[in-house]
Amino acid sequence: MKKFCIILCSVLFLIFSCSPRTEKKVVQFQSMNTWMSIQGWGNENCKEALEKAKLAIENLDKSISTTDSESKIYDLNSKSLNADKNSVTSDFSSQVFQLAQYSLKMAEVTKGAFNPCLYPVTKAWGFTTDKYTVPEKDIIDSLLKNTDYKQVQIQESQLNFPGGMMLDFGGIGKGYAGDIAIQVMKEEGVKAGLLDLGGNVQVFGTKPEGDPWKIGIRNPVGEGVIAGLEIQTGAVITSGGYERFFIADDGNKYIHIIDSENGMPVNNGLVSVTIVADSGAYADALSTALFVMGKEKAIEFWKENGSDFEFIIMNQTEDESLEIFYTENLKNRFNLIENVADTNVKKIQIVSK
């Protein structure tokens, strides 16, 4: 589920100001197939700390990329593809192994709405190569047999699964990378930081002016920012189908988020799901999962499991107007931008338990 973008076209936009008296360090780079920006405020070694955080992200990418022939995951997937039905086993670094464990845990929690084993199907649609195609139903059905995350066995630092299965951490990797980068920055003495990892926004520490961090939520059906959100710390991560999609010869639009039940790109009316949580990995996985679930199931999931996350869900109706639903704890922190002239907002509803 990777995508190319530039900062101005990210899923989220940053809205904040910095005092001219505050020394800010910035590192910008490209990794995980997207542009990234890390900002930090702290001691005299702040710039070096940001460089170490950048290196941590790049090293993770080198391990988990599905398209880099030098990565561990690429090698594992290639071996699995050629293994027929023989089992495939691989050792991982502790960092990647923890990511794999957590990804499988999130698959269990979301009952497969988030699925790190969906790569055979994603690849068949061309979302990993940008060579888009609409696979025949019998091909999709055949590939779905190789996406059952419950078949992955975990033992010590090893994963074992049947040949033909493949792993993809694209739906959680950037959030996990942000968590790692923040840990590095804190260990290096950075007092406050803001990360924009291709639209995944994570913040920590006290903003130089002392007021909350202000994050802009992108308009999924129009231009610019549709709403603002204030947070003190944590991750604000959005999944949407408006950046990575294709229009097929049949005239239909197919987005990059795949439903693991039928192997088809999601088409349930949702256009944007934003998760607010402490952990980037958690928010990243949930933003995908709730998008796949659809509005009603997503709301129900939050009511049953939402003690540690909040959401903002945007749904497009048949008349192309927009419905916005957000959780009650965001009531005093979420505000719709007044000048959204090109967007017909039909309903704004606070969801409570």
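The legends below describe views of one predicted model.

**Figure 1. Overall fold of the chain.** The chain holds eight helices and 18 strands. Its radius of gyration is 20 Å, close to the 20 Å that the globule rule gives for 353 residues, so the chain is as compact as a globular protein of that length.

Figure 2. Of the 353 residues, 55% are buried. Among contacts with a separation of 6 or more, 65% are made by residues 24 or more positions apart.

**Figure 3. Surface and charge of the chain.** The side chains include 35 positive and 46 negative ones. The centres of these two sets lie 2 Å apart.

**Figure 4. The loop between β2 and β3, with M32 and N33.** Strand β2 covers residues 25–31 and strand β3 covers residues 34–42, and M32 is found in the loop between them. N33 lies in this loop too, between β2 and β3. M32 is not a glycine, yet its phi is positive, at about 50°. N33 is likewise not a glycine and has a positive phi, of about 60°. The two residues can also be described by their accessibility. M32 has a relative accessible area of 4% and is buried, because the cut-off for burial is under 20%. N33, with a relative accessible area of 27%, is partly exposed.

**Figure 5. Helix α3 and its end.** Helix α3 runs over residues 94–109 and has 16 residues. From its first C-alpha to its last it reaches 22 Å, close to the 22 Å expected at 1.5 Å a residue. After α3 comes K111, whose phi is positive, near 55°.

**Figure 6. The buried residues of α3 and what covers them.** The buried residues of α3 are V96, F97, L99, A100, S103, L104, M106 and A107. An α-helix has 3.6 residues a turn, so residues three or four places apart point the same way. The cover over the buried residues of α3 includes both helices and strands. Among the helices are α1 (46–64), α6 (173–187) and α7 (280–293). The strands include β5 (153–155) and β6 (158–162).

Definitions and conventions: Residues numbered from 1 in each chain as written. Predicted model: local features only at pLDDT ≥ 70, side-chain atom pairs only at ≥ 80, totals over all residues. Heavy atoms only, no water. Helix = DSSP H or I, 4+ residues; strand = E, 2+ residues; numbered from the N terminus. Rg over C-alpha atoms; globule rule 2.2 N^0.38 Å. Buried < 20%, exposed > 50% of the residue type's maximum accessible area, 1.4 Å probe, protein only. Contact = heavy atoms within 4.5 Å. Lys, Arg positive; Asp, Glu negative; His and termini not counted. Charge placed at Lys NZ, Arg CZ, Asp CG, Glu CD. Expected span 1.5 Å × (residues − 1).
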